[in-house]
Amino acid sequence: MKTKTIFTLTILAAVMLMAVWNDGFAQLKYETGQVSVISDFVDKATVKSLALTLDEARSIAVNSGFKMADRINLHVIKNPEIGKIILFNDGCRNIFLFYPDEFSFNSKILHNNTNTYGLCHEVGLMALNSVPLKTDDFSFFILEGWAQVFASVTNDIIYEKYGKNLWKDGLDYRKFGMKRLLGNHNDRTICCQIKAGWLELFGKIGFCNISQFMANLELIVKKTNDPKQAFAKAVSFHLQASDAQKWIDQYLEPFFDEGNDSINLYALHMQQYY
């Protein structure tokens, strides 16, 4: 499934969901730092936690060299018709969180999409758009693997600052971060091999330098018109020769496996990881 197709379907979904949004809900707006949360959810403590999380994730992306929007808006919208939590972004400055009921924010059943990890994941995808990387040159799984590693690392950085005090019920959201990512590290599926490849790049290049890797990758893609070759060259530029060759031998083929665009593989991955 091409990345552009997924993005188009996401935007269409947003339009349909907004169309059935009940305008009768009370609105609450909360601002902090470079983030605004517009919500029909009246629990101010939860709204504040969402805002703090998003602002911190944006700051981490900016401090890592990504040119993020000057302000990110989070729209939290109740829609009982959807029956589940949906979280996505417009690629620039808006994140939409649709939820069916107030139980969606109960920490005992808290889902990825309503806690720290989910918001960090959306910021990671926005960071990619800020490079700007021509995302249609890469499979969904390369981009999704990037976002999952970015979110896991960022999730744990935020925990180091706020600990369990970030969420009102003292949620230990570390279980959604590196602990979970490393727990899947030995899985040999294409999805997990790509995540492992990104994780190694983050470790070798350094979290604060990963934006420069992405920028150089985009420049090389433009020159070569060959995403696979460009990726190998970018890795070789940023890593020591022996480390680069080891990475290329182990991960380049999984990154560009032609089966990565399979809609069935996409569905299987979403069931496993979410």
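Predicted model: local features only at pLDDT ≥ 70, side-chain atom pairs only at ≥ 80, totals over all residues.
Asn89 belongs to strand β4, and its side chain takes part in a polar contact with the side chain of Glu122 at 2.7 Å. A polar atom of the Asn89 side chain also lies 2.6 Å from the backbone nitrogen of Gly91.

Gly91 itself sits in the hairpin of β4 and β5, where four residues separate the strands, and it adopts a positive phi near 85 degrees.

## Overall composition

The protein has ten helices and five strands in its secondary structure. Of its 274 residues, 54% count as buried. Among the contacts with a separation of 6 or more, 62% are accounted for by residues 24 or more positions apart.

## The five-stranded sheet

The five strands make up an open sheet of mixed pairing, in which the order is β1-β2-β3-β5-β4. Its edges are formed by β1 (28-32) and β4 (86-89), each of which pairs on one side only. On average, and with direction ignored, neighbouring strands of this sheet are turned by 15 degrees against each other.

Strands of a sheet can pair in either a parallel or an antiparallel manner, through backbone hydrogen bonds. Strands β2 (residues 35-39) and β3 (residues 72-78) run parallel and are joined by five bridges, with Val35 standing opposite Ile72 of β3.

Helix α2, which spans residues 44-63, lies across β1, β2, β3 and β5 (94-99), and its direction makes an angle of about 35 degrees with β1. Helix α3, spanning residues 116-129, lies across β3, β4 and β5, running at about 25 degrees to β4.

## Helix α6 and its partners

Two packed helices are described by the distance between their axes and by the angle that those axes make. Helix α6 (residues 190-205) and helix α9 (residues 241-255) have axes that come within 9 Å and cross at roughly 150 degrees. That angle makes α6 roughly antiparallel to α9, since the class begins over 145 degrees. The crossing of these two helices is left-handed. The residues of α6 that meet α9 include Ile190, Ile194, Trp198, Leu201 and Lys204, while those contributed by α9 include Asp243, Trp247, Tyr251, Pro254 and Phe255.

Helix α4 (residues 140-162) also packs with α6, at an angle of about 55 degrees and with the two axes 9 Å apart. The helices α4 and α6 are therefore oblique to each other, and α4 passes α6 in a right-handed crossing. From α4, the residues in this contact include Phe141, Ile142, Trp146, Val149 and Phe150, and they meet a set in α6 that includes Cys191, Ile194, Trp198, Leu199 and Phe202.

Methods. Residues numbered from 1 in each chain as written. Heavy atoms only, no water. Pairing = 2+ DSSP bridges. Axes fitted to C-alpha atoms, helices over the stretch in contact; angles between N-to-C directions. Contact = heavy atoms within 4.5 Å. Polar contact = N/O pair within 3.5 Å; in protein donor to acceptor, adjacent residues only side chain to side chain. Parallel < 35°, antiparallel > 145°, perpendicular 65-115°, else oblique. Left-handed = near helix turned anticlockwise from the far one by under 90°. Buried < 20%, exposed > 50% of the residue type's maximum accessible area, 1.4 Å probe, protein only.
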